[in-house]
Amino acid sequence: MTKSIHDDIERILVSESEIQEICKKLGKAITADYKTKEPIILLGLLKGCVPFMGDIIKHLNIPLEMEFMDVESYKGGVSSTGDIKIRMDINTPIKGRNILICEDIIDTGKTLDTVIKLLLHRGAKNVEVVTLLDKPAARVIPLKPKYIGITIPKEFVVGYGMDYKEYYRNLPYVGILKNNVIDKE
Ligand code: PRP
């Protein structure tokens with residue numbers, strides 16, 4: 001890794017200004033859909049959600065509570081409500097609540113599938129998803145989020161919350177790493 005994290009980026013896939021436009025557009029749509037409903041819980045899935053959630057909330061003109069979960073899905077293809085490791089759980093009762101999950105990216109769909117099942121199992125009234133990036137070509141479990149910022153091809157991306165070995169989350173854009181930065185495993 002070089003001293004400037006920008007030097008490790010081969011190309012930018014979604015720029016800072018594009019991300020801001022997406023946040024505005026999604027914020028408007030979500031505000032319109034939820035303004036006549038009961039207050040929502042905006043549920044961020046850590047850690048990748050942090051920059052996106054921080055930006056999109058500025059465009060949500062509705063009453064909302066912010067909550068977070070840190071979960072690890074078992075990648076073995078099991079997707080029942082019991083097959084999820086919760087590193088940090090949501091901190092408020094969710095029975096009868098409208099929940100909007102905030103994600104940076106949907107890849108295989110396994111994480112969201114298990115979280116949605118868990119929330120419904122606990123009595124949430126309604127669960128929808130807003131994601132900045134959608135990578136449908138990588139989907140293993142069929143899952144269509146209601147609010148999608150932008151659809152991207154099946155490439156490994158970093159920045160704006162997304163990491164490689166925990167680094168690069170603080171890039172203000174979404175980009176693709178140079179080949180020589182990635183360890184050959
Ligand atoms: C990433 C991302 C999603 C999930 C998507 O999180 O934030 O939660 O993977 O992948 P999936 O659709 O294949 O389940 P990750 O588990 O890497 O944790 P992080 O947000 O802390 O980086």
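**View 1. The shell around the ligand.** In this predicted model, 15 residues surround the ligand, and the closest are Glu-103, Asp-104, Thr-108, Gly-109 and Thr-111. A residue is near a molecule or strand if one of its heavy atoms lies within 4 Å of it. By class, the shell has three nonpolar, four polar and eight charged residues. Nonpolar covers Ala, Val, Leu, Ile, Met, Phe, Trp, Tyr, Cys and Pro, charged covers Asp, Glu, Lys and Arg, and the others, Gly among them, are polar. Strand E5 (98-106) and helix H3 (110-121) each supply at least two residues of the shell. The most comes from E5, with four residues. Helices (H or I, at least four residues) and strands (E, at least two) are DSSP runs, numbered from the N terminus.

The numbering of residues starts from 1 along each chain as its sequence is written. Local features need pLDDT of at least 70 and side-chain atom pairs count only at pLDDT 80 or more, while totals for chains, interfaces and linings use all residues; side-chain values use heavy atoms, with hydrogens and water left out.

View 2. Glu-103 has a polar side-chain atom 2.6 Å from an oxygen atom of the ligand. Backbone atoms also take part: a polar one of Gly-48 is 2.9 Å from a ligand oxygen, and a polar one of Asp-107 is 2.9 Å from a ligand oxygen. On its own the ligand has 490 Å² of accessible area, of which the protein covers 79%. Accessible areas come from the Shrake-Rupley method with a 1.4 Å probe; for residues, only the protein chains shown count as cover.

View 3. Buried means under 20% relative accessible area, exposed over 50%, and partly exposed in between (1.4 Å probe, protein chains only). In a regular strand the side chains alternate between the two faces of the sheet. In E2, Ile-40, Leu-42 and Gly-44 are buried on one side, and Ile-41, Leu-43 and Leu-45 are buried on the other. E2 pairs with E5 in the parallel sense over five bridges; two strands pair if DSSP finds at least two bridges between them. Gly-44 stands opposite Cys-102 in E5.

View 4. The loop between strand E2 (40-45) and helix H2 (50-56) contains Lys-47. The peptide bond from Leu-46 to Lys-47 is cis, with omega near 0 degrees.

**View 5. Strands E5 and E6.** E5 and E6 run parallel and are joined by eight bridges. Leu-100 stands opposite Glu-128 in E6. E6 is mostly covered, with seven of its nine residues buried.

**View 6. Lys-135 in its loop.** Lys-135 is located in the loop between strand E6 (126-134) and strand E7 (147-151). This lysine counts as buried because its relative accessibility is 6%. A polar atom of the Lys-135 side chain lies 2.9 Å from the backbone oxygen of Glu-155. Apart from its neighbours within four places in sequence, Lys-135 is in contact (heavy atoms within 4.5 Å) with Ile-105, Ile-106, Asp-107, Ile-152, Pro-153, Lys-154, Glu-155 and Phe-156.

View 7. Lys-165 lies in the loop between E7 and strand E8 (174-177). Its phi is near 50 degrees, a positive value in a residue other than glycine. Lys-165 is partly exposed, with a relative accessible area of 47%. Tyr-168 is also placed in the loop between E7 and E8. Phi of Tyr-168 is near 80 degrees, again positive in a residue other than glycine. Tyr-168 is buried, with a relative accessible area of 1%.

**View 8. Two C-alpha separations.** Ser-4 lies in the segment before strand E1 (9-14) and is partly exposed at 27% relative accessible area. The C-alpha atoms of Ser-4 and Val-157 are separated by 17 Å, and the two residues are 153 residues apart along the chain. Leu-118 lies in helix H3 and counts as buried at 8% relative accessibility. Between the C-alpha atoms of Leu-118 and Tyr-167, 49 residues apart along the chain, the separation is 29 Å.

Notes: Polar contact = N/O pair within 3.5 Å; in protein donor to acceptor, adjacent residues only side chain to side chain.
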